[in-house]
Amino acid sequence: MPDDLLFLPALRAAAMIRTRTLSPVEYIDAVLTAIERAQPRLNVFTAVLAESARVEARRAEAAVIQGRPLGPLHGVPVTIKDLVDVAGVRTTHGSAIFAASPPATADDVLVARLRAAGAIILGKTTTPEFGVKGLTDGPSFGVTRNPWNLARTSGGSSGGGAAAVAAGLGPLALGTDGAGSIRGPASCCGVVGLKATLGAVPYDTARDAFGNNVFAGPLARAVGDAAVMHIVLSGASTKDPWSLGFTARPLSPGLVSADLSSVRIGYIPLCANPRVAADVAANTRAALDAWQAMGAAVEEVTERIDWIEFEGRVLYQANFAVFCAKYLPEWRDRMDPVTIAFMERGSRFSLAQFREAQFARAGLFRAIQGLLDRYDVLVTPTASRTALPADFDAANDEVEVDGVKCGITRQGWTSYQYPFNLTGHPALSLPSGFGTDGLPTGVQIVGRWGAEADILRLGALLEAARPWAQHRPDIARG
């Protein structure tokens, strides 16, 4: 099987399909063959839709031959996280509770938009139970592994999609991000992940539509692919109040060329985490140096910011305590122990603490707005270290950073991510290099409200200056 075919950028594959230099049937067959080979080792799929994907590929090829109008992702395979409905396929939410549930009767709005753009739905990818943690494993489906090192996690909760993209099992994945669940796996697996501004991409299934901090977005191997998928997903939905009337900012003039002399970058080395690994810090510094070489002014943010780690924990764990409570009488013994632990902790918070946490969320938003009055973008590492061991206990184990224990995952590892779920600002993770253990590291770019174009452009400039696509995990070659 041609290895290069599996690692084609989505945009190049779509262009080749349009010009009849790539058959979507042959393309899908190659990807499905690779899935058959890799799935037993990676465990990234809850369902592979081989039959329907081949049917869609034949239709895509016929449309090209007949000269019909083609969408921007025509013939390109896309995977869907198993928190999002695909018509005719069971949505298990990574839980035994839904393992035998009826298939979804309709596509989620985002799946419908991907199909309308010509994408071929390849399968459903793994997620921890209800997307609860930053690793992708659970008693109902096992452990999803990192293609760069099978002993490590692929991150969570969009770990199945990120691992699939990294391993060449389709160039695009639809993930969701409730506390870093797109960006964390992107960093672990060496791919690109975008969490858009609140309202840019509708999230019709949010339990609390008005207090929502959950986002859907792309995982890809190239910034350009993520950008096109983001555009396909974007637009108002009547079921998401934040999407109604949302307006994206145009690209800032200072980012049009590769001369970044008018661009100001605020560098945040630490959020709530006490440490960052030396290799991650060095790779982040290399990214900053690349932008600085293009003319950007880089300044470390030195003032104290309250990252509301405790208040964020209140909001997160209390939500699970409330919405999962109805499952406990029947399912407690078959649920993920991490879900149970978070529920128990969340149940101990008071109503006053929950409201104070909501007030703190508003304060954090205003603090970030203040920084973005001074800087065009903010830059952080995506995570404090490379991927954790695959058997890490997210409820109880402490994260070690360069040999020093730094608290559970949200304190010691992923603390750069959740603040921007709470504030709603767009955030892009892209590869920054490799750690000393040979696993990928990520850098995060945070933009102004509605400024996806800015962070994607800055990411594309870094991608050009420090290319990444030539790196492929060993599992992709055999």
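The largest cavity has a volume of about 350 Å³, where a cavity is a set of points, on a 1 Å grid over the protein atoms alone, at which a 1.4 Å probe fits but cannot get out, and a volume is the space filled by probe spheres set on grid points joined across faces, edges and corners. This is a predicted model, in which local features need pLDDT of at least 70 and side-chain atom pairs count only at pLDDT 80 or more, while totals for chains, interfaces and linings use all residues. Residues are numbered from 1 along each chain as its sequence is written, and side-chain values use heavy atoms, with hydrogens and water left out.

Around the largest cavity are 33 lining residues (those with an atom within 4 Å of a point), and Ala179, Thr409, Arg410, Thr414 and Tyr418 lie nearest its centre. Helix α10 supplies the largest share of this lining, five residues; helices (H or I, at least four residues) and strands (E, at least two) are DSSP runs numbered from the N terminus.

A pocket, by contrast, is an open set with protein on both sides within 12 Å along at least five of seven lines. The largest pocket has a volume of about 1,100 Å³, and of its 46 lining residues the closest to the centre are Arg207, Asn212, Asn213, Val214 and Asn319. Here too α10 gives the most to the lining, with seven residues.

The structure holds 16 salt bridges, each a side-chain nitrogen of Lys or Arg within 4 Å of a carboxyl oxygen of Asp or Glu. Three of them are listed here.

| Salt bridge | N to O distance |
|---|---|
| Arg285 and Asp289 | 3.2 Å |
| Arg410 and Glu309 | 2.9 Å |
| Arg332 and Glu344 | 2.6 Å |

Arg410 in helix α14 and Glu309 in helix α10 are 101 residues apart, and their pair links distant parts of the chain; Arg410 and Glu309 are both buried (under 20% relative accessible area, with exposed over 50% and partly exposed in between, for a 1.4 Å probe and protein chains only). Arg285 and Asp289, in contrast, both lie in helix α9, four residues apart, about one turn of the helix, and they are partly exposed, Arg285 with a relative accessible area of 32% and Asp289 with 37%. Arg332 is partly exposed at 37%, as is Glu344 at 36%.
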